[in-house]
Amino acid sequence: MQTDELIDLLAADAGPIAGHAPAQRLALGAGAGAVIVLLLVLGWLGLRPDLAKAAGGAFFWLKAAYTAGLGAAGFWAVERLGRPGVSAAPAGAFGASILLLFVLAALAQGFGMSGPTRLIAVEGVSWTVCTRNIAILAAPLLAITLLILRQLAPTRPTLAGFAAGAFSGGLAATLYGLHCPEATFVFVALWYTLGVAVSGMIGAVIGLWWLRW
Amino acid sequence: MKTDANPIIATVRLAAKLHKPLGANVRACNERRHRDEYGDGVDELESTLKPLMLAGLNGDAKAHAQLLKCLSERLRAYFVRRLSASPDEVEDLVQETLLAVHLRRATYDRAQPFMAWAHAIARYKLIDHWRRRKIRATTPIDDVSDFLASPPVDADAGLDLTRVLSTLPLRQRALVEDVKVRGLSLSEAGLRGGLSEGAAKVALHRALKLLAEKLRHADR
């Protein structure tokens with residue numbers, strides 16, 4: 001086929017395109033995914049019994065802000081990586097600074113503890129399930145985000161997949177906080193972060209072969 | 001971007017840029033090849049193509065066709081230099097990239113420079129092409145100014161697209177052939193196939209998506 005013939009074909013298919021379509025689609029998907037994750041937390045894990053009391057404390061919100069911040073950085077990166085010629089560097093820098101701040105706080109807290117207390121802080125009551133739970137909760141949201149990302153034009157598929165996983169993991173970890181009673185910087189910086197990272201890794205691997213176009 | 005050594009040429013060019021009507025876009029695209037030696041291609045092409053892209057996004061099919069025509073010349077020149085070992089694949093890649101530009105134009109942000117968007121797609125398609133054929137890049141992948149500066153090359157026919165078209169479902173293929181070969185409008189072509197204009201629109205869009213998908217795997 002001649003290229004001019006193809007161009008005639010494409011011109012015949014040239015309807016108007018709405019502005020801000022990618023961001024809107026991603027936000028809609030995120031909303032739907034968040035509802036699914038919330039239902040999973042409620043139906044599968046249940047709320048923490050002391051939720052009302054915990055929500056009166058500062059750390060409950062600090063923990064939520066940390067994971068929500070990671071999720072927001074992921075969302076921002078996905079939105080940018082889905083559009084050719086747009087760099088995700090600002091989103092990456094934002095996510096990295098949040099991570100750095102929280103890890104520094106955890107190091108300070110950890111080194112301020114005596115040996116046995118530190119071990120208790122590291123293990124908490126749920127270190128064996130925390131990372132796994134976050135990765136499972138993130139899965140449906142990750143699937144939705146990758147489906148939408150596939151309709152966009154990620155020129156860096158692996159990185160875009162990682163960003164989708166970090167977004168899903170961050171949001172899932174935030175809602176997981178409604179169930180999980182852990183309340184130290186040390187625990188959250190270790191196992192919550194690992195959960196988000198695992199979700200990001202899964203996204204990167206899928207992105208590597210599935211986000212190509 | 002280089003600046004003009006000759007202030008008279010620079011002034012004339014600036015004046016031309018300020019007074020250029022939108023209708024002169026294609027002419028500007030064609031004339032640009034003669035100006036390459038002066039090195040003022042970036043702004044020129046951006047200011048030519050971006051209005052066409054914006055008009056196309058608002059549903060102006062004519063502007064969209066002009067944009068793709070002009071872009072196809074850039075793409076051909078860009079790919080030729082990087083596929084010197086397999087020149088017969090150039091037109092296939094040009095067509096694959098045009099399809100991608102068209103089908104994914106919703107990812108273009110109207111506030112963004114158009115050439116940055118187009119270059120990122122062309123670059124991605126080139127890397128993807130190399131990866132699929134397991135060819136390591138021997139020519140460095142250059143930046144956007146290089147994408148703009150390559151000299152134009154004549155077009156061949158795309159072989160893959162012809163082949164892939166024959167594998168489309170019958171109805172879609174008939175629609176595509178009617179629009180492409182017989183030059184019918186979409187509503188006329190739909191009528192021949194017993195489709196309303198709306199259904200023909202949907203069918204054509206689906207056919208193009210399928211073509212793009214099959215084209216990526218055409219060489220396997």
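Biologist: What share of the contacts in chain B with a separation of 6 or more comes from residues 24 or more positions apart?

Modeller: That share is 64%. A contact here means that the C-beta atoms of two residues, placed from the backbone, lie within 7 Å. For chain A the corresponding value is 86%.

Biologist: What should I know about the model and its numbering?

Modeller: This is a predicted model, in which local features need pLDDT of at least 70 and side-chain atom pairs count only at pLDDT 80 or more, while totals for chains, interfaces and linings use all residues. Residues are numbered from 1 along each chain as its sequence is written, and chains are lettered from A and ligands numbered from 1 in the order in which they are written.

Biologist: What makes up the secondary structure of chain A?

Modeller: Chain A has nine helices and zero strands. Chain B has 11 helices and zero strands. The C-alpha atoms of chain A fill a box of roughly 75 × 35 × 25 Å along the principal axes.

Biologist: What makes helix 1 of chain A largely enclosed by the rest of the structure?

Modeller: The burial count does. A residue is buried if 20 or more other C-beta atoms lie within 10 Å of its own, exposed if 12 or fewer, and partly exposed in between, with C-beta atoms placed from the backbone. Seven of the 10 residues of helix 1 of chain A are buried, so this helix counts as largely enclosed. They are Thr3(A), Leu6(A), Ile7(A), Leu9(A), Leu10(A), Ala11(A) and Ala12(A).

Biologist: Which helices of chain B do the buried residues of helix 1 of chain A pack against?

Modeller: Among them are helix 4 (61-82), helix 5 and helix 11 (197-216) of chain B. Over each whole chain, buried residues make up 46% of the 213 residues in chain A and 39% of the 220 residues in chain B.

Biologist: How many residues does each chain bring to the contact?

Modeller: Chain A brings 29 and chain B brings 43. On the side of chain A that touches chain B, helix 1 of chain A gives the most, with nine residues. That side divides into 17 nonpolar, seven polar and five charged residues. Ala, Val, Leu, Ile, Met, Phe, Trp, Tyr, Cys and Pro count as nonpolar, Asp, Glu, Lys and Arg as charged, and the others, Gly among them, as polar.

Biologist: Why are helix 5 and helix 9 of chain A called oblique?

Modeller: Start with the angle. The axes of helix 5 (residues 89-111) and helix 9 (residues 185-210) of chain A come within 7 Å and cross at roughly 135°. Axes are lines fitted to C-alpha atoms, for helices over the stretch in contact, and angles run from 0 to 180 degrees between N-to-C directions. Under 35 degrees counts as roughly parallel, over 145 as roughly antiparallel, 65 to 115 as roughly perpendicular and the rest as oblique. Helix 5 and helix 9 of chain A are therefore oblique to each other.

Biologist: What does the angle make helix 4 of chain A relative to helix 5 of chain A?

Modeller: Helix 4 (residues 58-81) and helix 5 of chain A pack at about 165°, with their axes 8 Å apart. That makes helix 4 of chain A roughly antiparallel to helix 5 of chain A. The contact residues on helix 5 of chain A include Leu99(A) and Phe102(A).

Biologist: Which hand has the crossing of helix 7 and helix 8 of chain A?

Modeller: It is right-handed. A crossing is left-handed if the near helix is turned anticlockwise from the far one by less than a right angle, and right-handed if clockwise. By contrast, helix 4 of chain A passes helix 5 of chain A in a left-handed crossing. Helix 7 (residues 130-151) and helix 8 (residues 157-176) of chain A pack at about 135°, their axes 7 Å apart.

Biologist: Which domains is chain B divided into?

Modeller: Domain 1 covers 1-154 and domain 2 covers 158-220. The bounds come from an automatic or database domain assignment. Nine residues of domain 1 of chain B are in contact with 11 residues of domain 2 of chain B. Helix 5 (residues 90-103) of chain B gives the most to the domain 1 side, with seven residues.

Terms used. Helix = DSSP H or I, 4+ residues; strand = E, 2+ residues; numbered from the N terminus.
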